[in-house]
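Hi,

Here is the structure I promised to pass on to you. Have a look at it first, and then read my notes below.

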Amino acid sequence: MANQSITKKQYVALYTEANFAIGDAYFSMQQYNAAYKHFFRGYIVGKNNLNRKALAEYMYRMGMITYKMGNYKFATDYFKKSYSYHSATTNEFVTFYNIQELLDNIALSYKHNNEPDSAVVYFNKALNFLDQYGSQFKDRLKMIDMAKGVICGNKAEVLVLQGKYTEAIELLKKSIETNLQKGYDNNDAQLTEVKLAQLYFDHHKDKALIDLLNTMRPQLDKVKNAEAQTDWNRLMSKYYLRKKNLPKAIRYLQTYNTLKDSNIKKLNLLRESDINKQLDSYEKQQQIEKLSSNNKVQLISLYVIIVFAVMALVIILLIYRNWIRSKKDVQTVNLLNKQINEQNSILENALNELKISSQEKDRILRTVAHDLRNPIGGIASLTNLMADDEYTDDQKELINLVKETSYNSLELIEEILEATNISLIELNLEQIDINSLVSNSVELLRFKASEKGQKIFFEPLSKPQDLYICREKIWRVISNLISNAIKFSPTGASIFVKVVTQNDEVIIAVKDNGIGIPDKLKDQVFNMFTTAQRPGTAGEKSFGLGLSICWQIMEKSGGKIWFDSDSKTGTTFFISFPLHDPDVPAKSPQQVSIPQS
């Protein structure tokens with residue numbers, strides 16, 4: 001969907017949202033290298049266009065990935081960048097909660113990176129932040145208390161590393177008391193109890209240790225916690241070993257080993273994706289792209305020149321080939337005109353050859369257009385991405401020129417493919433409400449008309465009317481006629497669209513107040529690659545294929561298309577469909593009323 005976007009803003013929004021969602025999916029499946037790749041892609045495309053909140057979410061997720069994989073230096077940097085995108089004061093609880101979580105994650109990253117002093121600083125920042133701004137969320141005090149309990153438990157681990165055991169024990173008890181309450185984070189409380197039990201064991205406080213472990217037993221039976229369960233059996237084994245009770249020590253040790261093996265298998269699954277190499281690869285790739293940005297402009301210019309040179313050569317060869325064939329055909333026709341009574345079979349063969357030649361021409365045209373679409377599309381996408389990077393004004397001018405030329409070429413190619421393929425396509429006919437179809441087309445094009453200060457007035461049928469038509473193709477015809485009215489009408493003009501029933505037909509009229517169609521060009525309007533093509537009133541490009549495609553669609557659909565035009569009142573295009581029998585003759589164009597304001 002992003003690649004089909006009309007504007008760059010729409011492309012960036014869809015592309016970043018898609019990568020964000022895919023990254024979350026891979027993260028949930030613990031495929032961290034794939035998750036990081038998509039988060040990184042989305043961030044690179046959206047870094048100059050996304051709001052600060054979206055960028056904060058990207059940084060947070062990349063921080064979580066690097067933290068999970070044990071790359072704490074990267075994790076610290078990402079969490080800090082995410083924190084910097086947030087405002088310190090906020091009245092949104094989700095943002096408030098994310099900020100305290102980021103501060104806690106920064107502290108944990110510092111702890112795992114053997115920087116305890118920095119870790120304590122950020123743990124204190126997180127607690128102060130909760131105290132300072134938490135009072136405004138009266139209905140969320142329970143969640144705020146849980147967050148404080150988690151942070152206290154994490155901070156206590158750092159205090160143990162610093163040798164501040166008494167202070168660490170108090171914080172651990174405070175954390176346990178908070179999160180052991182009903183409806184609080186009991187899992188975190190159990191893990192904190194394990195930390196406190198380990199501290200009791202290390203300081204030979206056996207009475208406090210066994211009391212705490214016995215208190216934990218019913219908790220673990222009630223709330224399943226694999227990690228806490230594993231450490232509980234380990235500490236029980238160590239306690240009974242210290243007490244010389246070998247049977248009990250062995251029993252708990254065996255349970256501990258079984259649980260530990262299961263946890264190790266899970267951990268190995270998490271570490272199967274080595275993201276460190278991926279991180280280095282992506283970072284180096286960005287450096288290379290920055291260093292080679294100047295060369296890319298020259299390289300793209302060279303590719304564009306080569307592509308257009310090849311296109312010119314192919315066109316010349318096609319023209320020469322068709323000229324040779326046409327010359328032979330003319331000679332053949334002249335000869336057959338002299339001997340028509342004697343050589344009917346030769347004439348028939350010549351006519352078949354002409355038909356084959358025409359089909360061959362269409363086939364070649366389709367092949368050339370199809371083969372050119374991919375390289376030109378690649379150029380368009382590449383220049384679209386490069387347009388936001390930092391270049392000199394001259395370089396940006398060249399890039400924009402290449403981008404505009406590429407998009408114009410792609411538009412021409414798409415119209416050529418549609419024009420040459422329409423006769424081969426089977427129409428998907430269905431019952432369609434014509435009011436709804438025309439209204440949909442009008443509404444989709446109102447924004448385009450508003451860019452030129454124009455207004456579109458729509459007058460539908462008084463009641464719904466179904467037609468057995470192809471929705472996609474007829475919508476293309478109506479949209480093309482309205483787009484032409486916008487293109488060839490002056491700024492501020494009005495455009496009228498009307499649907500009427502008359503003589504067993506439904507007639508749709510699109511009237512503009514534009515520049516009209518000169519008499520000398522009227523006979524060429526529906527020809528493919530007509531010389532009647534002219535730029536719009538605002539310099540819009542025209543390839544001369546749109547009305548040819550409309551004519552082919554209407555002919556294939558059993559309908560009709562015609563127009564009425566002069567330089568004073570503008571142009572009105574009509575299309576008609578039979579209500580019942582497609583062979584019922586339609587009323588002449590002059591008798592169809594033109595929509596008025």
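The mean pLDDT of the protein is 81, and 81% of its residues reach at least 70. Please keep in mind that this is a predicted model. Confidence is highest in strand E5 (residues 505–511), with a value of 95, and lowest in helix H13 (residues 275–291), where the mean is 51. Over residues 269–275 the pLDDT is below 50; apart from near neighbours in sequence, that stretch makes 12 contacts in the model. Residues 581–597 are also below 50 in pLDDT, and this stretch has 26 contacts beyond near neighbours in sequence. Where pLDDT is low, the predicted coordinates should not be read in detail.

Next, the surface. You will find Leu299 in helix H14 (residues 293–338). Is Leu299 buried, partly exposed or exposed? Its relative accessibility is 39%, and because buried means under 20% and exposed over 50%, Leu299 counts as partly exposed.

Finally, have a look at two paired strands. Strand E6 (residues 560–566) and strand E7 (residues 570–578) run antiparallel, with seven bridges between them. A hairpin of three residues leads from E6 to E7. Within this pair, Lys560 sits opposite Ser576 of E7. As a general point for viewing strands, side chains in a regular strand alternate between the two faces of the sheet.

Happy browsing, and do write back with any questions!

Best wishes

Notes:
Residues numbered from 1 in each chain as written. Predicted model: local features only at pLDDT ≥ 70, side-chain atom pairs only at ≥ 80, totals over all residues. Heavy atoms only, no water. pLDDT = per-residue confidence, 0-100. Helix = DSSP H or I, 4+ residues; strand = E, 2+ residues; numbered from the N terminus. Contact = heavy atoms within 4.5 Å. Buried < 20%, exposed > 50% of the residue type's maximum accessible area, 1.4 Å probe, protein only. Pairing = 2+ DSSP bridges.
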